[in-house]
Structures are given as structure tokens and as C-alpha cells.
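Hi there,

Here is the structure I said I would pass on. My notes on what turned up in it follow below.

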Amino acid sequence: MTTTPIKKKRVPVHGVLLLDKQAGVSSNDALIKAKWLLNALKAGHTGTLDPFATGLLPLCFGEATKFAQDLLDADKTYETVVHLGVTTNTGDTEGDVIATHAVDISRQQIDAVLAQFRGDIEQVPPMYSALKRDGKPLYEYARAGITLEREARPVTIHLLEFVDFQAPFLTLRVRCSKGTYIRVLGEDIGAALGCGAHLNALRRIQVGDLLIAQAITIEELTAKDADARIAALASVDALLTSFPALRLSEELAKRFLHGQRLALGKENIVLPEGQGRMRIYRESDGQLLGTGLMQEYSILAPERLISTVTTSAG
């Protein structure tokens, strides 16, 4: 007689796992594995990394998923190795080689070309991407041999730094706005140098204020026991460190959690300067309550609220 295995019941887990994703693993597979290891009820990632890429992949659990959009919108920093002289159909090492050219390039030529790609530029999204057309991702068309017209999109390259050049490999550091394709940047640099290029390696080292030095691999997480895995999570407010902190009394905190707008101008509390988004804490125990928008006349409007998580005041 066979018995049906009992499914382990998922539990609410709240926080952020800073994962150092390894090459050859999709972002979704990494999320599924981490969710299983933490036995978590609810999880989501904050923007994917290509399977060949490595580095920082913040994973949000429970209440932290309410703030995942902030990391989707955040600037990202990468280290990349551009293989000059070889073009592939995907723009990276996973594609087929479609052209090769000799590489006879000076440092002066590289510097002149890099200068063209700093600041506000436009990129044409690659066919091998998850962007959708008529409900289908572009990569499905590409795999079928179909190339569609794509409109160029504005992105910002805040930093494009030369690191090393050992022909044909050009190593760069890039800090860019959301929506930037580093594969396309590498290809465009190769085209501007007259030799073509594809990405040989790509590693994400920063997302917003989160750093790769704080990250853990899936192997390291697997080796921990259940309690240590939970302890490896950063608090929910790790996603909100760029916003000023505001602490409310017990009574004001209660009204804030009920969605009430608060007139704070006459309250005996320290208000951060200026208007805009704030992270809100209860003063008595340091619990994160969510985010609010400080408006004119010191009016605080609730934005996204935390219901069950106890966090540090950070």
C-alpha cells in the first residue's frame, strides 16, 4: 500500500533575501528554490537576471513584496566583459555566432566610443527578450526566425567606466537606469568600434542601495538550518533606506494604519525636511508601518501599509 506524501504547509515569511545568483540558473528557478528552502507562503523577485548572468538578485517574501516595485525602478550596477570581434544572435554567450571581425583597437578609441554612451541614450530592445508583442514574448518570435520592428527606448547610463582591456576582452563597470539592456550596450559599443561584440560575462553588483557583498548563494542558504535561513533575510525596510524615516506615536500610528491622512504640523514630533515619500515607524517598538507621502502643510498620506511584520527601525 502506497501512501501519499504529506505536503509541508507554507508559512508567512517576511523579509528580503539578497541572493547571489549563479550562472546557468534562471531568476524564476532561483526564486522557486529559495521559496522552498524558506518554506515561504508568498515570494517574488525584483527584476530578472539572464540565465548566463550572475550576481545580486533581491528576492522579496511576504510583506516585502509590497515594495518590490521600488527595486524594479532602482538604478542597477554591473560589471561586464565584452567580447569584441564576435557577434552572436542573442548578444551573449548563449547564442550562435553570426559574424567575426579582427580586433585592432587602441585604448584611445575605446575611451572615445565609451564617451558616446554616457548619459541619456536610446536603446532598441533585443529580440531575445521577455518583452511581449501580441501576447507573446519577443524571444519566441526570435526562435522562430522572425525579427520584428522595435521602437528605441530612452535609458540613462550614469556610469560607464573602463576597467581593463586584454584583447579581445573589454571589462567595464556600468551603472544605469531601469530598463537598460547591458547586452545591447555591449553590442552597440562593439558596433561603434567597428568590430562587433557580445557579452562574455555579466555580474550585477548593486541594486539601489543593496550591495552584492551582503548577498548569499543558494548553496550557502541550503547548508543552513531552518532558523538560520530565516535569519539570513534582511528586514522589509532594507528596500526603503533611500527614503527619510518618520516615527509616530502610538495614537498617530493607529490612525495611519487605518488609512487616515495625518496633519503633523502641530504634533510634537521631528519631521524630516521636504515632501515626498517617507518610511513610517511606530516610535514605541520601532515597527515598520509602511510608506507615506508627505504633502503640503505637513500632511502625511498613507501609501503602502504593513500589516503583520515586526521590523527593526533601521
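Before the first sheet, one definition: two strands pair if DSSP finds at least two bridges between them. Please also keep in mind that this is a predicted model.

**The sheet near the end of the chain**

With that definition in hand, strand E14 and strand E16 (residues 276-282) run parallel and are joined by four bridges. Within this pair, Arg-247 stands opposite Tyr-281 in E16. The two strands belong to an open sheet of five strands, with mixed pairing and the order E14-E16-E17-E18-E15. Its edge strands are E14 (245-248) and E15 (262-263), each of which pairs on one side only.

Helix H8 (residues 250-257) lies across E14, E15, E16, strand E17 (288-295) and strand E18 (299-305). Relative to E17, the helix runs at about 85°.

One backbone detail here may interest you. Ser-298, in the loop between E17 and E18, has a positive phi of about 60° although it is not a glycine. Ser-298 counts as partly exposed because its relative accessibility is 23%, and the range for that class lies between 20% and 50%.

**The chain as a whole**

The chain has 314 residues, of which 46% count as buried. It holds eight helices and 18 strands, and its C-alpha trace spans about 70 × 70 × 40 Å along the principal axes. Among contacts between residues at least 6 apart in sequence, 68% join residues at least 24 apart.

The domain assignment gives domain 1 as 15-73 + 210-232, domain 2 as 76-207 and domain 3 as 245-305. Between the C-alpha centres of domain 2 and domain 3 there are 43 Å.

**Strand E12 and its partners**

Strand E12 (residues 197-207) turns up in several pairings. With strand E4 (residues 76-84), E12 pairs in the antiparallel sense over nine bridges; in that pairing, Val-81 has Ala-201 of E12 as its bridge partner. With E3, by contrast, E12 runs parallel, and two bridges join them.

E12 also pairs with strand E13 (residues 210-211), in the antiparallel sense and over two bridges. Gln-206 stands opposite Leu-211 in E13. These two strands form a hairpin with two residues between them, and Gly-208 in the turn has a positive phi of about 60°.

**A closer look at Gly-55**

Which residue of E12 is the bridge partner of Gly-55? The partner is Arg-204. Gly-55 itself lies in strand E3 (residues 54-61), and it counts as buried because its relative accessibility is 0%, where the limit is under 20%.

Leaving aside residues up to four places away in sequence, Gly-55 touches Leu-19, Asp-20, Lys-21, Leu-49, Arg-203, Arg-204 and Ile-212. There is also a C-alpha separation to look at: Gly-55 and Gln-22 are 33 residues apart along the chain, yet their C-alpha atoms are separated by 6.9 Å.

Helix H3 (residues 107-116) and helix H5 (residues 182-193) pack at an angle of about 130°, with their axes 10 Å apart. H3 is therefore oblique to H5. The crossing of H3 past H5 is right-handed. On the H3 side, Gln-109, Ile-110, Val-113, Leu-114 and Gln-116 meet Ile-189, Ala-192 and Leu-193 in H5.

The peptide bond from Ala-167 to Pro-168 is cis, with omega near 5°. Pro-168 is found in the loop between strand E10 (153-166) and strand E11 (169-176).

Asn-39 has a phi near 55°, a positive value in a residue other than glycine. This residue lies in the loop between helix H1 (27-38) and strand E2 (43-45). Is Asn-39 buried or exposed? Asn-39 counts as buried, because its relative accessibility is 12%.

Happy to talk any of this through.

Best wishes

Conventions. Residues numbered from 1 in each chain as written. Predicted model: local features only at pLDDT ≥ 70, side-chain atom pairs only at ≥ 80, totals over all residues. Heavy atoms only, no water. Contact = heavy atoms within 4.5 Å. Axes fitted to C-alpha atoms, helices over the stretch in contact; angles between N-to-C directions. Domains from an automatic or database assignment. Buried < 20%, exposed > 50% of the residue type's maximum accessible area, 1.4 Å probe, protein only. Parallel < 35°, antiparallel > 145°, perpendicular 65-115°, else oblique. Left-handed = near helix turned anticlockwise from the far one by under 90°.
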